[in-house]
Amino acid sequence: MPEAQHVNHNVGLWFVDPEAVDLPALLHANGGVLSPDELARGDRFRAPVHRRDHLITRLLVRTVLSQRLSLAAHTLRFGTNAHGRPYLLAQPDLSFNVSHTDGLIVLAIAQAGEVGVDVERLQTDRATWRLAEYCFAADELAALRRVAPDRFDETFFSYWTLKEAYLKARGTGLSTALDSFSFDLDDTHRIGFSAPAGADRDHATHFWLLRPFPMHLCALCVRLCPQPPSLNAWNIALPDTAGAALNPAVLRQSIAY
Ligand SMILES: CC(C)(COP(=O)(O)OP(=O)(O)OC[C@H]1O[C@@H](n2cnc3c(N)ncnc32)[C@H](O)[C@@H]1OP(=O)(O)O)[C@@H](O)C(=O)NCCC(=O)NCCS
């Protein structure tokens, strides 16, 4: 067997609580780091909280990637694929992905393969049957009907975040039909997965469902990675990126498909 198959690849997760960030101080400490486009996009958000989260996300991505690549943060240039997935112009193969929700921002970077991440706050008012019927596949809806009412919200967001993380790892966004692939969460700890018909071989696709904080779910997908990667997570308080190592509760994990 080639040696590369034994390499235990790693995926890193950096979590930031935007409420804990002093944005004016962060921007001051990072003067000149954000591009004019990034700053202009921030100014287009009406809600201050969305502007804040946008700016923190941009600085999180630039700071961690610049440390990873030993390059100055302001020199990084980004492009997007046809579906909006950002990538580094100088290193298009370095796979990273971000997600933001009410009270949490996360950056994922994979050493190998393609990574997608999604965080959601467990908000009861968003977990509705109407939305489920719009987004979920028939077998997911059937499984959701079987769960006890007090498990509905968490189960809804488990399917939701896993579907988002997979779409984001593929980089195709909502151009991939949401009912063309599905997850099986009947087993208590496992994640079963049926890939879209005709999709590339997904035997090297790995999923995790994490509960990094009591009010937030996080799904992670790494595709095209021959071995299940190991996870490392940090809870950081920008501008400091060293942060505290985080051991997010692993609610479920896939076997390799
Ligand atoms: C854009 C989309 C990829 C994710 O959107 P989202 O869940 O609302 O937002 P998140 O915060 O999790 O992710 C947004 C980030 O994903 C990244 N992104 C955008 N398009 C992407 C794509 N095609 N592939 C991967 N990542 C993408 C961007 O970095 C973006 O953050 P940024 O604008 O600050 O750079 C897409 O799936 C979408 O529009 N979803 C809408 C919600 C929906 O209907 N979901 C169905 C779930 S069952």
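Before the first stop, one term: a residue is buried when its relative accessible area is under 20%, exposed when that area is over 50%, and partly exposed in between, using a 1.4 Å probe and protein chains only. Helices (H or I, at least four residues) and strands (E, at least two) are DSSP runs, numbered from the N terminus.

This is a predicted model, where local features need pLDDT of at least 70, side-chain atom pairs count only at pLDDT 80 or more, and totals for chains, interfaces and linings use all residues. Residues are numbered from 1 along each chain as its sequence is written, and side-chain values use heavy atoms, with hydrogens and water left out.

**Stop 1: a hairpin**

Select residues 95–101, which form strand β4. Six of its seven residues are buried. Two strands count as paired if DSSP finds at least two bridges between them. Strands of a sheet pair through backbone hydrogen bonds, either parallel or antiparallel. To see one of these pairs, click F96, whose bridge partner in β5 is I109. Two residues lie between the strands of this hairpin, and G103 has a positive phi near 90°.

**Stop 2: the ligand**

Next, select the ligand, which 20 residues surround; here, near means that a heavy atom of the residue lies within 4 Å. The closest are R41, S99, H100, E164 and K168. Which atoms make polar contacts, that is, pairs of N or O atoms within 3.5 Å (within protein, one must be able to donate a hydrogen and the other to accept it, and residues adjacent in sequence count only if both atoms are side-chain atoms)? R41 places a polar side-chain atom 2.7 Å from an oxygen atom of the ligand. S99 also has a polar side-chain atom 2.7 Å from a ligand oxygen atom. With H83, a backbone N or O atom lies 2.9 Å from a nitrogen atom of the ligand. The ligand exposes 900 Å² when taken alone, and the protein buries 80% of that; these areas come from the Shrake-Rupley method with a 1.4 Å probe, and for residues only the protein chains shown count as cover.

**Stop 3**

Move on to strand β10, residues 216–223: are its residues buried or exposed? Eight of its eight residues are buried. H216, C218, L220 and V222 point one way, while L217, A219, C221 and R223 point the other way.

Now bring in the neighbours of β10. Strand β6 (residues 114–121) runs antiparallel to β10 and is joined to it by eight bridges, with V117 opposite L220. Strand β9 (residues 206–213) pairs with β10 in the antiparallel sense over six bridges, and H206 has V222 as its bridge partner. A hairpin of two residues connects β9 to β10.

Zoom out to see the open sheet, with mixed pairing and the order β6-β10-β9-β13-β8-β7. Because β6 and β7 (182–184) stand at the edges with a single partner strand each, one side of each has no neighbour in the sheet.

**Last stop: a buried arginine**

Finally, select R62 in helix α3, residues 48–69. R62 is buried, with a relative accessible area of 2%. Leaving aside neighbours within four places in sequence, R62 is in contact (heavy atoms within 4.5 Å) with residues including V33, E38, H74 and F78.
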